[in-house]
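Trainee: I would like to go through the labels in this model and ask what stands behind them.

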Amino acid sequence: MEGFNHSRVSEFVLFGLTDSPELQIFFFVMFSIFYLMTMFGNCLILFTVLSTPHLHSPMYFLLSNLSLIDMCLSSFATPKMIMDFFTQRKTISFEGCISQIFFLHLFTGTEIVLLISMSFDRYIAICKPLHYSTIMSQRVCVGLVVTSWTVGFLHTISQLAFTLYLPFCGPNVIDSFFCDLPVVIQLACIDIYVLGIFMISTSGVIALISFLLLLTSYIIVLVAIKDHSSTGSSKAFSTCTAHFIVVLMFFGPCIFIYVWPFTNFLVDKVLSVFYTIFTPFLNPIIYTLRNQEMKTLIWRLRKRHVLMWLQSPGKHLRGSAESKT
């Protein structure tokens, strides 16, 4: 065991997205904007839901938890990637690499289960509206969120269970901008091809099954509202289409990367950008900010806080004048 500890590499070298100086500047600006807007949009949603009693409902409770997960998912690797654009030698410690793998699978696993929970909520609301308040009680909603985080935690632990004990004693170059299982375990000093294929493909199969469940739920919802008014049907179709686009952008790369690991395709690196950067950015727009009720409440909160800010200097001046008199 002592010999193993001495032979283990202490850090990994990340290739990043590109080695072109011009593209690095472009990516730095673009991803910085995307990251800041992602954090701002999701923080705005959380603040609006928490500060508005009218939004304390199952749908918005699940949406606010999705915003929290998206903030976490966009933060586990993106800030380091942005900083690395101006670093000549991009490195990450062994512990930092393992931490990235842990948080990546924790947040993605949690989001997968939460997206299924959200589709279940919409199914109950549209297909069983009379029983909605009974089925989607506060206890059930909290249970769905706790289950999401529990499944995410168990999933990431299962992925790391054998990775931590692999001997990394030689190659330490990772052709990506963050650490993930398909690229990291290839650097092990033993042949783990069969076991690696099994472990990583499990994540792909889980993502594929979850995607099919979500697709089925959207189809059922659309069929259920087919007999309603054309206006309601058109609105529901538009909403489900927008939701499905985000689901496809999140699950598509996960399925491709994990069902067919060890392919060494450049496209894997590009696809990783979608579910770690673009999807957390799009979720607030697709799921919430397209919602007219949410937009109205955000606008009202903005006006209220602006008025409070404008009135506060006046109150301060009046208070100072009264103290002088």
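Predicted model: local features only at pLDDT ≥ 70, side-chain atom pairs only at ≥ 80, totals over all residues.

Mentor: Residues are numbered from 1 along each chain as its sequence is written, and side-chain values use heavy atoms, without hydrogens and water.

Trainee: Why is the aromatic pair of F31 and F85 called stacked?

Mentor: Rings of Phe, Tyr and Trp (its six-membered ring) pair if their centres lie within 6.5 Å, and planes under 30 degrees apart count as stacked, over 60 as edge-to-face, the rest as tilted. F31 and F85 have 6.4 Å centre to centre and 10° between the planes, so the pair counts as stacked.

Trainee: What parts does the pair of F31 and F85 tie together?

Mentor: F31 lies in helix 2 (residues 21-51) and F85 in the loop between helix 4 (78-84) and strand 2 (91-93), so parts 54 residues apart in sequence are tied together. Helices (H or I, at least four residues) and strands (E, at least two) are DSSP runs, numbered from the N terminus.

Trainee: Why is I220 called partly exposed?

Mentor: Buried means under 20% relative accessible area, exposed over 50%, partly exposed in between (1.4 Å probe, protein chains only). I220 has 38%, so it is partly exposed. F31 and F85 are both buried.

Trainee: Which residues does I220 touch, not counting those up to four places away in sequence?

Mentor: I220, in helix 9 (residues 193-224), touches Y123 and C127, where contact means heavy atoms within 4.5 Å. The C-alpha atoms of I220 and Y123 are separated by 7.8 Å.
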